[in-house]
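Biologist: Please walk me through reading salt bridges and sheets in a model, starting from the general idea each time.

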Amino acid sequence: MNLSLSNIEHLLTTSDPTAIDGLFAEACRVRDEVYGRKVFMRGLIEITNHCKNNCLYCGIRREVSTQRYRLTKEQILDCCRIGNQLGFRTFVLQGGEDGWFTDDVMCDIVKTIKKEFPHCAVTLSLGERGKASFQRLFDAGADRYLLRHETADAAHYAYLHPNEMSFEHRMQCLRDLREIGFQVGAGFMVGSPGQTLETLIKDLQFIQDFRPEMVGIGPFIPAAGTPFESRQAGSVELTLRLLAIIRILHPRVLLPATTALGTLHPNGRERAVMAGANVVMPNLSPQDTRALYSIYNNKLSTGSEAAESAADIRLRMKAIGMETPVDRGDFAY
Ligand code: 5AD
């Protein structure tokens, strides 16, 4: 399929359903050629909602008044034990930038998980850290690191973040992670305030150049108590088109059908898989902390989003002709 710049712009803006169906079909064909008809499952463990940052879009930013929590090492291990039983072979430890989780604390947690579950991959998603810190986490056994770039346009980045954060440092972190040897995840929100066709094209260009092993994209959803609480949510439709385009530009990418899509549309994750996605990340966090990890309004954490409903997700994927193997789901190098 011709994915020249002008054709990408056309695909992002057209209302011609035949063109869009063709795009989704091509994305699925490309995915199936690399990975087969498989959707990899990851167990998401939200370890802390404390955050020192103040990103304008985020519902757990420093200045939002909300009940804060952190999981203990034992709680995190219990989540892994449940996840392992359910057939998850990747645990994603995600949290705000919380100084309580020092390198010593995180390395101990990672080592303990890898010792008890040597057959499982550990993915970390803990925001920006220094290169030495990333190296220690890698040496402790972490396999992957997710750090969405949020936008590949420096001015747009500055609009979404307070002055104390920098686009350059974000990008430096991604390069450091790559150099250290992590499978690296980047990504962005679709429909974030200030986003334009031009910034989106820059995101696609960045993905094509950097070729992250994972790309997480989901619609922006306004979060109560944030400066962007009254802004419009991003479009599910545009998110699906972007997923398909990313799959075609970077055939081997691991592409999650994100919770944000499932939150905005009851069949959002199925539609994402039918647009070329091949990863789902149900929530493995303890029941009583899930509602507190409210990065945006009405975030799904129950029903088929909950890991207990792994069986339900498997059925939903089966219904659209996809297997959900018990597998780490590594990047196909
Ligand atoms: N809507 C959608 N996604 C959000 N994120 C943070 N806040 C929101 C929001 N309001 C995304 C960011 C972040 C990831 C963990 O969640 O892209 O990197």
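Modeller: Let's start with a pair of side chains: glutamate 63 forms a salt bridge with arginine 61, and their closest N and O atoms are 3.9 Å apart. The term asks for a side-chain nitrogen of Lys or Arg within 4 Å of a carboxyl oxygen of Asp or Glu. This is a predicted model, where local features need pLDDT of at least 70 and side-chain atom pairs count only at pLDDT 80 or more, while totals for chains, interfaces and linings use all residues. Residues are numbered from 1 along each chain as its sequence is written, and side-chain values use heavy atoms, leaving out hydrogens and water.

Biologist: Is glutamate 63 buried or exposed? And what about arginine 61?

Modeller: Buried is under 20% relative accessible area, exposed over 50%, and partly exposed in between (1.4 Å probe, protein chains only). Glutamate 63 is exposed at 55%, whereas arginine 61 is buried at 7%.

Biologist: How many salt bridges are there in the whole structure?

Modeller: A search finds 27. One of them joins the side chains of glutamate 46 and lysine 299, at 2.9 Å from N to O. Glutamate 46 sits in strand β2 and lysine 299 in the loop between α12 and α13, so this pair ties together parts 253 residues apart in sequence. Helices (H or I, at least four residues) and strands (E, at least two) are DSSP runs, numbered from the N terminus. Both partners, glutamate 46 and lysine 299, are buried.

Biologist: Which residues are linked in a network of salt bridges?

Modeller: Lys114, Asp143, Arg144, Arg328 and Asp330 are. Within that group, the side chains of aspartate 143 and arginine 328 meet at 3.5 Å, N to O. Aspartate 143 belongs to the loop between α5 and β5 and arginine 328 to the segment after α13, so they connect parts 185 residues apart in sequence. Aspartate 143 counts as buried at 16% relative accessibility, and arginine 328 as partly exposed at 22%.

Biologist: Now the sheet: what is the order of its strands?

Modeller: Two strands pair if DSSP finds at least two bridges between them. Here six strands form an open, parallel sheet in the order β2-β3-β4-β5-β6-β7. At the edges, β2 (43–48) and β7 (214–219) each have a single partner strand, so one side of each lacks a neighbour in the sheet.

Biologist: How many bridges join β3 to β4?

Modeller: Five bridges link β3 (residues 90–95) with β4 (residues 121–125), and the two run parallel. Look for glutamine 94, which stands opposite serine 125 in β4.
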